[in-house]
Amino acid sequence: MEPIKVGLLGFGTVGSGTYTVLRRNQEEIKRRAGRGIEIARIAVRNPAKAAKALNDIGVADAGSPAVTDDFNAVVDDPSIDIVAEMIGGTGIARELVLRAIVNRKHVVTANKALLAVHGTEIFEAAHANGVMVAFEAAVAGGIPIIKALREGLTANRIEYIAGIINGTTNYILSEMRDRGVDFATALKGAQELGYAEADPTFDIEGVDAAHKATIMSAIAFGVPVQFDKAYVEGISQLAAIDIRYAEELGYRIKLLGITRRAGKGIELRVHPTLIPAKRLLANVEGPMNAVVVHGDAVGATLYYGKGAGAEPTASAVVADLVDVTRLHTADPEHRVPHLAFQRDRLSDTPILPIDEVTSGYYLRLRVADVTGVLADITRILANTGISIDALLQKESEQVDDHGKGETDIILITHETVEKNVNAAIADIEALRTVVSKVTKLRMETLN
Ligand code: NDP
Ligand code: HSE
């Protein structure tokens, strides 16, 4: 049988990684897929750059796929069966994906931004044209988490998902904590290793993780993708002192993506999070990703692996290419729905605003070192119905203009609703003895 023909859009980290893996393992992949998978055409902005990259991979001119700078020519080419979009972003990538779908080509993409923001439009177009859009590489790089959520866990009512789903920020936090590297140097390292997005603020500010959490939330709970409802907070404001105090209290700080079925709706949030140091997630280091999924039947399951980089991501892209090759002749109605639930059975359960989220909290207060200050703070917390789980009071380190000491008080609260904590913080900050803004971080026990 003729190989299935793939048109590759973009030849950067993931595009070239995909080409390399497909080429190296082509015989095994063919035995699995039932026919060969051939990257027949590549579209890039700069064909000379792609030609050099192909040469570096060891592809001789004669065996090289046709490289063009005309993206539409590839997407419109009748001989192409699958378009693999490896460009990124929501601009030209969206246009090309929609055009490929209208041309009745299946699409494989690693582009989480595109699906988190325009997923509804893209999946509807795919349904209307009877084609598949496969996106395993969009979440957690090489970890087959989409497959697990859509298929392996399909018997379960999913309760929550919590994961380290951005390799760049986890790499930065690990480098800072373990090797004392400063933030800027650690970020540069992540960029050089090919982990970071084209715009690394997407990584640092939690946007990339929120794209991924949005996709997982939709698949887990059968709701539309709603990136605009996600709460997003990154690591750029995280202070080294909080990493240190958290350690003293037995916690690690990780950027977590969390989505949870709660009483009144679904929580969907990304933020730096304290996790007990003994939890497996707390010990996931460098660019590694890990996702905990809790289902009512199976309990907690954990998925761990490389979340970024050329070949780990290519592993997921090629898995999608194989899936599409196996299934493209199947009746569209018998394929696994894009979001795991039948498209006419998605639910309108709301995504909760962050004020309604329930969490434990870490609060750091800089206070005047005078009698009664702690009593005032605990009274405010008690009046707001917040109970304290742990407390750390540091020795006076700073002295004010009148020779009086200042000290840090660190509190860990039991779970409470975020709006209650915000109300308590407002009252605490109004105390004369509290000398700076309260630092608030969320905490998950992952029990
Ligand atoms: P790269 O920047 O390494 O490669 C992107 C490719 O697309 C390059 O060939 C680039 O061309 C081309 N390109 C970029 N912008 C345009 C544009 N406006 N018009 C035409 N071509 C363009 O990105 P990655 O390979 O890292 O990422 C690709 C996708 O995979 C993204 O959606 C990303 O989020 C996702 N992803 C990345 C992972 C990783 O570890 N890197 C992991 C999982 C997903 P040029 O070389 O000329 O800039
Ligand atoms: N920039 C992303 C990360 C790439 O660091 O996790 C993988 O999606």
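A pocket, on a 1 Å grid over the protein atoms alone, is an open set of points with protein on both sides within 12 Å along at least five of seven lines, and its lining residues have an atom within 4 Å of a point. Keep that in mind.

Some ground rules. This is a predicted model, where local features need pLDDT of at least 70, side-chain atom pairs count only at pLDDT 80 or more, and totals for chains, interfaces and linings use all residues. Residues are numbered from 1 along each chain as its sequence is written, chains are lettered from A and ligands numbered from 1 in the order in which they are written, and side-chain values use heavy atoms, with hydrogens and water left out.

Now the largest pocket. Its lining comprises 48 residues. Nearest the centre are Gly12, Thr13, Met86, Ile87 and Gly88. The volume is about 1200 Å³, where grid points are joined across faces, edges and corners and a volume is the space filled by probe spheres set on the points.

Which helix gives the most to this lining? H3 does, with 6 residues. Helices here are DSSP runs of H or I, at least four residues, and strands are runs of E, at least two, numbered from the N terminus. H3 spans 47–57. Other helices that supply at least two lining residues include H1 (13–24), H6 (112–129) and H10 (201–204).

By class, the lining has 19 nonpolar, 18 polar and 11 charged residues. Nonpolar means Ala, Val, Leu, Ile, Met, Phe, Trp, Tyr, Cys and Pro; charged means Asp, Glu, Lys and Arg; the others, Gly among them, are polar.

Next, the ligands. Ligand 1 sits in the largest pocket, meaning that more than half of its atoms lie within 2 Å of the pocket's grid points. Around ligand 1 there are 21 residues, each with a heavy atom within 4 Å of the ligand. The closest are Val14, Arg45, Lys49, Glu197 and Gly309. That shell holds 9 nonpolar, 8 polar and 4 charged residues.

Now polar contacts, which are pairs of N or O atoms within 3.5 Å. A backbone N or O atom of Val14 is 2.8 Å from a ligand 1 oxygen. The side chain of Arg45 puts an N or O atom 2.8 Å from an oxygen of ligand 1. For Lys112, the side-chain distance to a ligand 1 oxygen is 3.0 Å. Alone, ligand 1 exposes 890 Å², and the protein buries 80% of that. Those areas come from the Shrake-Rupley method with a 1.4 Å probe.

On to ligand 2. Which pocket does ligand 2 take up space in? The largest pocket. Residues around ligand 2 include Lys112, Asn166, Tyr195 and Asp208. H8 (167–179) and H11 (207–221) each supply at least two residues of the shell. The shell divides into 3 nonpolar, 4 polar and 5 charged residues.

Glu197 has a polar side-chain atom 2.7 Å from a nitrogen of ligand 2. Asp203 has a side-chain N or O atom 2.7 Å from a ligand 2 nitrogen. Lys212 has a polar side-chain atom 2.7 Å from an oxygen of ligand 2. The protein covers 94% of the 260 Å² that ligand 2 has on its own.

Last, cavities. A cavity is a set of points where a 1.4 Å probe fits but cannot get out. The whole structure has 1 cavity of 30 Å³ or more. The largest cavity has a volume of about 80 Å³. Among its lining residues are Leu173, Arg177, Ile253 and Glu285. H8 and strand E9 (251–261) each give two or more residues to that lining.

Terms used. Polar contact = N/O pair within 3.5 Å; in protein donor to acceptor, adjacent residues only side chain to side chain.
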